[in-house]
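Student: Could you walk me through this one? I'd like to begin with the metal site and then move on to the domains.

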Amino acid sequence: MKIRSLDAYQIYDSRGNPTIEAEVTLENGMTGRGLVPSGASTGQFEAKELRDGEASRFRGKSVFRAIANVHQKIAAVVRGCDVLDQRAIDDSLIALDGTPDKSHLGANAILAVSLAVANAAAVAKGVPLFQSLGEGTLLPLPEIQIFGGGAHANWRTDVQDFLLIATGAKTYEESLRITFDVYHAAGDLMKERGTCYGVADEGGYWPEFRTNEEVFETFLRAIERAGYTPGVEASLSLDIAASDLFDEASGLYHFRLEDRSFDSDAFAELLTHWCEKYPVVSLEDPMADTDFDGWKKIHSALGSKLQLIGDDLFTTNIARIRQGMESGLANAVLIKLNQIGTVSETMDAIRLTQEAGWNPVVSARSGETEDAFISHLAVATDAGQLKVGSFSRSERMAKWNEVLRISRSLGARARFSPIC
Ligand code: PGA
Ligand code: ZN
């Protein structure tokens, strides 16, 4: 089935910022859309989203140049292509851009089209997106944020994400039930403390804590209040987003909340201490994306005990993931479509991760849309884990709910594992 036309226009993300949506129309009139998310604690090695940068218009955040690239450059290449040949279309987008970081056309322009093609292909085949993308039947284990911090909550805590992994769940549905219980117990605790100021960018509580350790203690109390045992039914996962804490010039990590600085060794020791003291089963970006020695140190201390995820470290980039594998820096890769910019490259990154025996964790961004593409991607690839933010705000719940629908559509074929 051939592509007849391609359109693109500006929509708004969950922070109310402009983003791009593309729509592919096939020769039979069927359509598919692609909606692009946007990060706040972005890695320096990510593919580059193109924004107009005019301070007087949308605070510089409008995406009209990226939209013009879709209309004036990309449409001519994509028109007439077979919508089922995702790989050929993605390859031609990469070639048309011609830069390693997609900065010419904009990774946001390219991804919008790539996602729209994938959605249109599913519509053309008359199957759900997850089935169109792959053969997978594994429902993902959710990583769900309870407290939000870092760049997503004006640095109210230094750690960006305090997340829950329902290690005692036997089904995907049960993992959401455990999350529901703990999320609301945490909300009750915050109300009792009188220190809750709503939710952060990804829907976790935006609290007023004095130390990072205080968050751990509150988190454990919430798990207990919900009737579970920390480390049994409900375990902890942390995204330190350490690149945001790191000063290249001095080589120091800085905690704004506690006003403390650490050299790389001291920071690795602190994180190791936290992971020994609390039931942490997964740790993301513990060290900065340039601090390879720090990563090696953390890996030798914790790599055999818990999941060690590279997000800003790898930026869903095959070359960086390979380098990390050769150097033994981590054992899992965060997978974000807009870090690399096409569906095909994202699926390549997932496959490479799996072939090495590492875990891929499919992830949303802090600036999201109502789209649930990543829920389908996680199942289609048997990725095994999904990180979307918290258990509130519809741009988050859309993803969790979509997995519930996929679960129903898979029926008895659906699989699930609480081990990360
Ligand atoms: P971001 O945060 O989307 O703002 O980069 C998410 C993450 O760090 O995992
Ligand atoms: Zn991260």
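**Metal site and domains**

Tutor: Along the sequence, the donor residues of the zinc ion (ligand 2) follow the spacing D-x44-E-x26-D. This is a predicted model, in which local features need pLDDT of at least 70 and side-chain atom pairs count only at pLDDT 80 or more, while totals for chains, interfaces and linings use all residues. Residues are numbered from 1 along each chain as its sequence is written, chains are lettered from A and ligands numbered from 1 in the order in which they are written, and side-chain values use heavy atoms, with hydrogens and water left out.

Student: Which residues coordinate the zinc ion (ligand 2)?

Tutor: Asp 239 (OD), Glu 284 (OE) and Asp 311 (OD) coordinate the zinc ion at 2.1 to 2.2 Å; donors are N, O and S atoms within 2.8 Å of the metal (3.2 Å for Na, K and Ca), and water is not among the atoms, so sites may look incomplete.

Student: Where do Glu 284 and Asp 311 sit?

Tutor: Glu 284 belongs to strand β13 (residues 280-284), whereas Asp 311 lies in the loop between β14 (307-310) and α9 (318-327), 27 residues apart, so the pair links distant parts of the chain. Helices (H or I, at least four residues) and strands (E, at least two) are DSSP runs, numbered from the N terminus.

Student: Switching topic, which domains does the assignment give?

Tutor: The protein chain is assigned domain 1 (3-126) and domain 2 (133-416), with bounds that come from an automatic or database domain assignment. The C-alpha centres of the two domains lie 27 Å apart.

Student: And how much area do domain 1 and domain 2 bury between them?

Tutor: They bury about 2600 Å², 51% of it on carbon and sulfur atoms, where buried area is the accessible area (1.4 Å probe) that two parts lose on being put together, summed over both. Ser 14, Ser 41 and Phe 45 supply 23% of the area that domain 1 buries against domain 2, more than any other three residues.

Student: How many salt bridges are there across that interface?

Tutor: The rule finds four between domain 1 and domain 2, a salt bridge being a side-chain nitrogen of Lys or Arg within 4 Å of a carboxyl oxygen of Asp or Glu. Lys 102 forms a salt bridge with Glu 345, with the closest N and O atoms 3.0 Å apart.

Student: Which helix gives the most to the side of domain 1 that touches domain 2?

Tutor: That is α3, with seven residues.
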